[in-house]
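Here is a short tour of a structure, written to be read with the sequence and the 3D view side by side. Take a moment to turn the view around before reading on.

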Amino acid sequence: MKLSHRETEGVIILEPKGKIMGGPDATMLHDLLHEFIDQNKKKVVIDLSKVEWMNSTGLGILISGLTTLRNNGGELKLAGVTEKIESLLTITKLITVFDNYDNVDEAVKSFK
Amino acid sequence: MDKPETSGDIIRIPSETRYIADVDEFIESRLRDAGLNNSIIADLAISVTEIVNNAILHGNGADANKIVQVRLTVTPERIEVRVKDQGRGFDPDKIPDPLAEANLLNVVGRGLLIVRSLMDSVDFNFSDSGTEIVIAKSINK
């Protein structure tokens, strides 16, 4: 998995690319997310449009980020979720937990 | 054994999560060669990496000296994967329900739910030599 990030309009955009299946790559995403949280960044969007699939390790990282942000007055939103990941969010009922947008622009706008 | 080994339809890895990607590549390349579609390949990859992750961390306690073995069988009608660890086993019925309101935001605990949803069957074999989980999915080409 490759991982990039950028900031726009005060929102951190994380851009994983590939698969999130556990192991060092998953740790990289978790650590970067929590690095921004430690910097008191409160608005985070994870762009999942280039993530082919993830397993429960990936879902756990999303949950961990969400709860930590919410506990600190922030929010984590998802953008560009593929059909496969949407089916996993539905299976696990996490579709009811996350705010999910078609693309990053809409997710960023939702913070206003 | 200090790195993954493959032999025919079997891959064996030391119990380190950095080798999950090797199992994924092993499974996906063989399923692509069998002409399966991307959705089925993804379902198998998600399920196998899920079970291998559990085998490494829970079955073998992340002991790099212990082995996880994965055997893939593809027939025209069915895909079957057997994942074996050297652990003492567990009671699948005792895993807390990840769909319960109180557990929804747990970081872990939803792996078996995902595998059971994506696969047609999930079976457990516990023995003194370890735990084997067998998953299978019918193929509708």
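## Where two helices meet

Let's begin inside chain A of this predicted model. On the H1(A) side, Ala26(A), Leu29(A), His30(A), Leu33(A), His34(A) and Ile37(A) make contact with H2(A). Their partners in H2(A) are Thr57(A), Gly58(A), Ile61(A), Ser64(A), Gly65(A), Thr68(A) and Leu69(A). Sorted by class, this contact holds 6 nonpolar and 7 polar residues, with no charged ones.

How do the two helices lie against each other? The axis of H1(A), residues 24–38, comes within 10 Å of the axis of H2(A), and the two cross at roughly 10 degrees. Because that angle is under 35 degrees, H1(A) counts as roughly parallel to H2(A).

## A closer look at H2(A)

H2(A) covers residues 56–71 of chain A.

The buried residues of H2(A) include a run from Ser56(A) through Thr57(A), Gly58(A), Leu59(A), Gly60(A), Ile61(A) and Leu62(A) to Ile63(A). Further along, Gly65(A), Leu66(A) and Leu69(A) are buried too. Among these buried residues, Thr57(A), Gly58(A), Ile61(A), Gly65(A) and Leu69(A) also meet H1(A). Just after the helix, Gly73(A) takes a positive phi of about 80 degrees.

## Chain A as a whole

Stepping back, chain A has 4 helices and 6 strands. Read from the N terminus, their order is β-β-α-β-β-α-β-α-β-α. The radius of gyration of chain A is 13 Å, close to the 13 Å that the globule rule gives for 112 residues, so chain A is as compact as a globular protein of that length.

The C-alpha trace of chain A spans about 30 × 25 × 25 Å along its principal axes. Of its 112 residues, 44% are buried. Among contacts in chain A with a separation of 6 or more, 71% join residues 24 or more positions apart.

## Meeting chain B

Now bring the partner into view: 21 residues of chain A are in contact with 22 residues of chain B. On the chain B side, the elements that give two or more residues are helix H1 (20–33), helix H2 (38–59) and helix H3 (111–118). Which of them gives the largest share? That is H2(B), with 6 residues. By class, the chain B side divides into 13 nonpolar, 5 polar and 4 charged residues.

Notes. Residues numbered from 1 in each chain as written. Chains lettered and ligands numbered in written order. Predicted model: local features only at pLDDT ≥ 70, side-chain atom pairs only at ≥ 80, totals over all residues. Expected span 1.5 Å × (residues − 1). Buried ≥ 20, exposed ≤ 12 C-beta atoms within 10 Å, placed from the backbone. Rg over C-alpha atoms; globule rule 2.2 N^0.38 Å. Contact = placed C-beta atoms within 7 Å. Axes fitted to C-alpha atoms, helices over the stretch in contact; angles between N-to-C directions. Parallel < 35°, antiparallel > 145°, perpendicular 65-115°, else oblique. Nonpolar A, V, L, I, M, F, W, Y, C, P; charged D, E, K, R; others polar.
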